[in-house]
Amino acid sequence: MTPDIVIVGVNHRTAPVEVRERLALADGRLDDAHRRLLGFEPVKETVLVCTCNRVEVVAYADDVAAATDCITHFLAEEHGMPREQFESHLYRYCGRTAVQHLFRVAASLDSMVIGEPQILGQLKEFYARAATVGAVRTVLHRCFHKSFSVAKRVRTETGIASKAVSVSSAAVELARNIFDRLEDKTAMLIGAGEMSELAARHLLSGGIGSMIVTNRTFDRAVELAREFRGTPVPYEHFPRYLPLADVVIGSTAAPHHVLLPPLVHDALRERKQRPMFLIDLSVPRAFDPAINEIDNVYLYDIDDLADLSEENLAERQREAGKAELIIEAEVDKFWRWLNGLDAVPTIVALRERVENIRCHELEKTLGALKDLTPRQREALDALTSAIVKKILHSPIMHLKRQDAEVESFYVDAVRRLFDLEDFDEKEDQ
Amino acid sequence: MELKLLVLALALYLGATAGFVSHLLTGKEALRRLALVTLTAAFGLDAVAIIVRSVVYRTLAITSFHDQLSLFACLIVGFYLWLQRRYPLTVLGSLVSPIAFLFVLSAYVFYSGNREFPHEMHNVWLPAHIAPAFLGYAILTVAFCVSLIYLLQEKELKKKGKSSLRRRLPSLETLDELNFRFVTWGFTLFTIGIITGSVLAKERWGAFWSWDPVQLWSLVTWLLYALLVHTRLTGWRGRRAATLTIVGFALLLVSFLSVNLLFVGRHSALG
């Protein structure tokens, strides 16, 4: 069995929020979860990724089918949930498709709002968590780092990121068209998503006075409230606090509207008709579109905001196409590297690396000793060659040993000890 | 001499209007300054003309319809220019200037020459009636302009259009607050005008109230503004308040014009 990369998970498209929330892993259980996953026979490396829109297990494993089964089993056991309840929502990728999926996630092409910038940071955090418990070795190390650099490339070379940023800044601009000043205004965040957090951040830097945060899981609301220096409110009680909110940002993943016209009517009456600005960043919509008919209420959904920004839809689609091309090319590169990850290319790389050092140092020395005769120069060259060969002999013998287990251990060790990863990277560029 | 002043003021008001509107469309700062300077000059001319006539009449120049129209225009612009120093509401200028232009144009059309003020009309209560009433009218006119802009901005926000007009207009909150403030001021002055007016009526005709057409219209208008101020306190704001302000102004204009043009009564300057 050749080892391969496997991804098993759910995201906002395959699973409703109830399932995603039940599958989510609490922060405190993450290290233990990594260790348990590594305990499964086929799993060699693993990284758990868990954001509000996705729960994914990325693994490098010997036997793809067995590993997929192990991961599903792990999810069921971890959450005390029968497999049947969530199995239909799971997606399973392996090989090239898995790499492509990871790159797309990092580049924010798989996000609810394409181009939103937070996913990359989250991915980095989860990768770091996995690395601290030793769950990451050569392959996933390379794969994740590659995904980070791909995301960076997509961000700088395409206009994909501008949508998310432009949506947020359009929201702030509109808020300024409605309100004279934001300092004495309160914003309410219903549900937490990557996009709504970005919008909230923009409002905060725009000077909004205070923030109320509510979320289905109260812990998350508390966490966000701490971040935004706001007040957390239990989800069941948010209608009671609605009259306090001048700006309401909705980002729930509920399949139905959480805000209906009567609720807004009541809030307005209590507010003595002071205007409200509602921003619906959810897909599907969290606020009933009929709310926009109410006097003194301005409801904008994510598409309205995106339309306000300079780029039109066609342009954004072209940018997304450009991003997919970049990813395709990078997946190719990575795939070539992964398939070459056996002893031979490592030996070649090691020899090249050391030979490079030798040549460089030799040149420096010969440059300083100009009065050497050609024979003496040859002698120095032969001497250094012999030393390098002798030193490399034993490591290369170990690498050439035909024992799969040991081989991959040594390949990994050598690549790290001699910084061959960086060496490859430079070659790439 | 007076007609020449009027024509010159007319030209300047027209110029200011063009300046403000083109500033609104292009956003060029130079146009805004030019428009403001032009409007100030027009205001100056208008004010000089009124002062000259007042000196001739030896009381506030309000006998003829054209006197009233040009006083009206002068007060509106004066109030706007004062306001402009505190709030940079350029967009308001593009409504105030054409309104002033229309008023001065009517003054020109209805110009009926200087008339000697009937001696028996001299009374301390007359300026005390006219001054607050007209200043109130002027402020309510500006409130009307603010309401128009409010409705425009409101429409832009509701229809979620891409136009850049939205960016050049003040925020809804600003417009709503200004509207309320001006309506309150205008209403207060208007009320004072009505009270001093009835004192004047008592002095001259022996009765505070005589169901004169102007009194009747003013009462209706006053009631509407009273309703506006009252409902505001109970939470009528935004679009409804703006609409009501516009209706109030329409009544005000009807009472001002029709009384002068259609009815013959004690208030009529033509009669």
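**Before you start**

This is a predicted model: local features need pLDDT of at least 70, side-chain atom pairs count only at pLDDT 80 or more, and totals for chains, interfaces and linings use all residues. Residues are numbered from 1 along each chain as its sequence is written, while chains are lettered from A and ligands numbered from 1 in the order in which they are written.

**Stop 1: chain A as a whole**

Select chain A. It holds 18 helices and ten strands. Helices (H or I, at least four residues) and strands (E, at least two) are DSSP runs, numbered from the N terminus. Of the 429 residues in chain A, 41% are buried. Buried means that 20 or more other C-beta atoms lie within 10 Å of the residue's own; exposed means 12 or fewer, partly exposed is in between, and C-beta atoms are placed from the backbone. Take the contacts in chain A between residues at least 6 apart in sequence: 73% of them join residues at least 24 apart. A contact needs C-beta atoms, placed from the backbone, within 7 Å.

**Stop 2: a four-stranded sheet**

Stay in chain A and select the strands β2, β3, β1 and β4. In that order they form an open, antiparallel sheet. Strands pair if DSSP finds at least two bridges between them. β2 (43-51) and β4 (91-94) of chain A are the edges; each has a single partner strand, so one side of each has no neighbour in the sheet. Neighbouring strands here are turned by 15° against each other on average, direction ignored. Angles run from 0 to 180 degrees between N-to-C directions, and axes are lines fitted to C-alpha atoms, for helices over the stretch in contact.

Now zoom in on one pair. β2(A) and β3 (residues 54-61) of chain A run antiparallel, joined by eight bridges. Select Leu48(A): opposite stands Val57(A) in β3(A).

**Stop 3: a covered strand**

Select β10 (residues 297-301) of chain A. Five of its five residues are buried. Which residues cover each face? Val297(A), Leu299(A) and Asp301(A) lie on one side, Tyr298(A) and Tyr300(A) on the other, and all are buried. Ile279(A) stands opposite Tyr300(A).

**Stop 4: two loop residues**

Select Ser108(A), in the loop between α5 (96-106) and α6 (118-132) of chain A. Its phi is positive, about 65°, although it is not a glycine. Ser108(A) counts as buried, because it has 26 C-beta neighbours inside 10 Å.

Jump to Gln273(A), in the loop between α12 (261-270) and β9 of chain A. Gln273(A) has a positive phi of about 65° and is not a glycine. With 22 other C-beta atoms within 10 Å, Gln273(A) is buried.

**Stop 5: His202(A)**

His202(A) sits in helix α9 (residues 194-205) of chain A. Is His202(A) buried or partly exposed? It has 19 C-beta neighbours inside 10 Å, so it counts as partly exposed. Show its contacts: leaving out residues up to four places away in sequence, His202(A) touches Ser168(A), Ser169(A), Ala171(A) and Val172(A).

**Stop 6: two helices of chain B**

Select α7 (172-205) of chain B and α8 (residues 213-233) of chain B. Their axes come within 10 Å and cross at roughly 140°. Among the residues that meet are Phe180(B) and Phe187(B) in α7(B), and Trp222(B) and Tyr225(B) in α8(B).

**Stop 7: where the chains touch**

Show both chains. 16 residues of chain B are in contact with 16 residues of chain A. On chain B, α5 (125-159), α7 (172-205) and α9 (239-261) each supply at least two residues of the touching side.

Conventions:
Two residues are in contact if their C-beta atoms, placed from the backbone, lie within 7 Å.
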